[in-house]
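This report walks through selected features of two chains. Take the sequence and coordinates first, then the notes.

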Amino acid sequence: MARALVTGNYAAGYAIARAGEANRNARGCAGGAYPITPQTEIIEFLRGFEFTKGRVVPVESEHSAMGVCIGSSLAGARAFTASSSNGLAYMTENVFAAGYYRLPIVMIAVNRTLGPPWNIWVDQGDSLALRDAAWLQFYTESHQDLVDTILLAFRVAEDERILLPAMVAMDGFLTSHTQMGVELPEQELVDRYLPSCKIPHRLRADRPTTIGGLTWPRETEHHRREIQEAMERVPAVLNEAIDEFEAVFGRRPHGALSCEHTDDAEIAIVACNTIARTARQVVRERRERGERVGLVKCKLFRPFPRAEMIKALSSARRVAVLDRNHSPGSGGIFWQEVVTSLRGRPDILVQDYLVGLGGGDVTPELIGEIVDELGTQTTAQEPIWKETAA
Amino acid sequence: MTTTLTGCSFGADLNDSLLRPGNTNCAGCGMSLGLRWLDEALDGKVPFLVVPACCGIVTAGAFPTTAYGAPTAASTFASAAAVATGIASVLRMNAESSPVVCWTGDGGTYDIGVATLSAAAERNEDILYICYDNEIYGNTGGQRSSATPEGVVTTTSPRGKTERKKDIMAIMAAHRIPYAATLSLAHREDFLRKVKLAACTRGFRFLLMLSPCPTGWKSEAEDSVELIRDAVRCGIFPLYEVFDGSRYRINMERDGASVNAYCERQRRYRGETLDASLMQTRIDEQWRYLKAMAAAFPAIDDPHHPS
């Protein structure tokens with residue numbers, strides 16, 4: 001496998017293109033391309049890629065980018081796009097449509113603060129606003145994690161037991177525009193890893209079905225429950241996909257959660273994306289000092305891996321959830337999920353920290369300060385704002 | 001896979017007509033005749049239909065059956081041309097020639113879907129886009145759209161609309177698409193010829209069908225076809241074709257019939273803002289424009305556009 005020094009956007013474009021190309025002996029691939037900072041290089045990469053059997057349509061909006069993905073997927077192709085921030089917000093109606101149609105589209109979400117006021121830096125509020133759209137959501141911490149997760153996402157989304165779209169998020173600029181060394185898998189390996197995309201309910205000329213028409217309440221309820229049941233199958237299917245990934249690529253990618261020193265941790269940090277990388281460094285330093293601190297990196301957000309989270313935090317007395325997002329009137333969105341997961345464990349103190357909103361730097365020092373503060377805390381408080389140093 | 005997986009409705013087979021019995025169309029709805037003639041003109045070719053939010057998707061009826069005898073996608077309101085772009089792209093890359101037909105109302109065409117429509121036309125996607133224009137948001141009970149004519153009473157223009165109807169044909173012509181034409185439900189031969197021509201043309205094709213809506217037009221169901229004949233005769237709905245956005249052909253001259261005959265059988269034309277002489281002036285203006293274009297840039301028969 002070729003190792004290359006590339007940006008996150010390049011790595012994402014590469015992985016999507018290889019996945020699309022891997023469907024060339026089936027019904028091909030297609031997607032919509034519309035620019036928005038900081039994901040633009042991804043759609044530029046895809047427009048420049050010479051697919052054997054594929055088309056990336058330069059559309060007039062994110063709403064239509066997802067519309068093209070829906071049509072392409074309904075016709076049986078492997079479909080993909082990428083967006084950020086207000087682009088995701090503008091796309092929202094069709095994001096829900098893709099989920100409810102059960103189409104295994106893969107979208108890269110390069111996290112960026114929603115405006116106004118305008119801010120191009122990272123904040124997970126854009127993709128998290130789509131958490132209820134019947135999409136799988138993955139949050140990636142590095143370029144390698146990103147490439148691996150994109151391939152996993154296609155594999156899991158297209159699995160006949162799942163058939164749901166998947167969103168793969170990365171941090172705007174911190175991941176999208178920085179360079180890291182990445183194993184970029186060759187086409188032959190991706191071909192081996194991704195079987196032909198099969199969408200059993202695709203529209204066919206010889207089968208006059210109508211998809212997406214009117215349903216009554218009872219059928220709508222069934223439809224939603226089937227989505228929930230498919231979501232509940234994701235952790236097991238993801239684990240299979242990880243095993244198969246290791247067999248094909250010779251590396252084991254991160255799973256739903258990646259735990260570090262959680263077995264005996266008194267204080268556990270829950271984080272995602274690049275904050276998890278920074279937190280890992282803090283955890284290692286604290287361990288060297290003999291402090292029982294651990295990390296749970298949460299990659300899978302939808303479905304939220306509650307069972308795994310309960311297990312990962314079972315030894316913790318105190319949990320710090322680091323949220324680079326904010327639901328006004330509530331708090332951090334990962335925190336809400338962690339608290340819900342631990343509803344049977346009132347003995348664990350779960351504290352939310354709102355950090356790095358709008359792209360502020362989340363430094364090892366800030367995370368260290370949080371660990372120190374939490375160590376002396378006896379009761380959970382409302383979410384705590386940790387302002388970025390000026 | 002369970003039956004409700006996606007809300008996929010079955011029940012039709014390919015021997016069925018495009019519009020099957022049991023559809024929910026109102027009596028006198030222009031879609032009923034329009035879909036049957038579309039079916040006839042396609043001459044056995046099974047289209048992929050894309051129907052956005054509009055009466056046309058209610059037509060299908062409720063899960064688990066469908067009144068459409070063709071593979072059909074119900075798209076979001078503004079997305080018909082984008083979803084059709086995806087379908088057509090994938091069919092063509094798989095060497096499948098089925099026509100991809102957007103079947104949309106005026107709300108999804110003139111208003112909320114106009115950016116999507118414009119973009120698909122600009123890219124010259126291989127789509128046959130048909131707007132059944134009932135000049136109203138019919139599915140929501142009759143609100144004004146930018147296709148509603150001046151003076152017409154709707155629930156959101158209760159004293160009569162004060163703005164002119166948007167000229168969507170001119171907008172489409174400005175995209176220089178291979179073919180744009182208007183369709184009359186009172187002129188069967190002309191209708192079938194144009195749909196056949198559109199079906200064998202590649203690239204983006206736009207057909208505008210004035211579609212009577214007794215519910216919204218406050219007209220009698222049995223008058224529907226005659227109302228369209230009146231609209232063509234008085235010239236408020238000219239029958240014409242535009243090739244490549246630049247060459248015009250008028251298919252039928254107006255015959256001097258008064259616009260009053262068209263209006264008086266529709267109680268929607270009762271707004272305080274209605275001005276019969278202004279209506280006539282507008283019609284005359286449009287005809288002067290069309291005649292001038294057809295004289296200066298006449299349609300010619302060429303291999304791309306067999307007549």
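## Helix 9 of chain B

Helices (H or I, at least four residues) and strands (E, at least two) are DSSP runs, numbered from the N terminus. The model is predicted: local features need pLDDT of at least 70, side-chain atom pairs count only at pLDDT 80 or more, and totals for chains, interfaces and linings use all residues. Residues are numbered from 1 along each chain as its sequence is written, and chains are lettered from A and ligands numbered from 1 in the order in which they are written.

Helix 9 spans residues 224–234 of chain B, and 8 of its 11 residues are buried, so the rest of the structure largely encloses it. A residue is buried if 20 or more other C-beta atoms lie within 10 Å of its own, exposed if 12 or fewer, and partly exposed in between; C-beta atoms are placed from the backbone. Among the buried ones are B:Leu227, B:Ile228, B:Asp230 and B:Arg233. Their cover includes helix 1 (30–42) and strand 7 (205–210) of chain B.

## Chain B overall

Chain B holds 11 helices and 9 strands. Of its 307 residues, 52% count as buried.

## A:Val270

A:Val270 sits in strand 11 (residues 267–271) of chain A. A:Val270 counts as buried because it has 30 C-beta neighbours inside 10 Å. A:Val319 is 49 residues away in sequence, yet the C-alpha atoms are 7.2 Å apart.

Terms used:
Contact = placed C-beta atoms within 7 Å.
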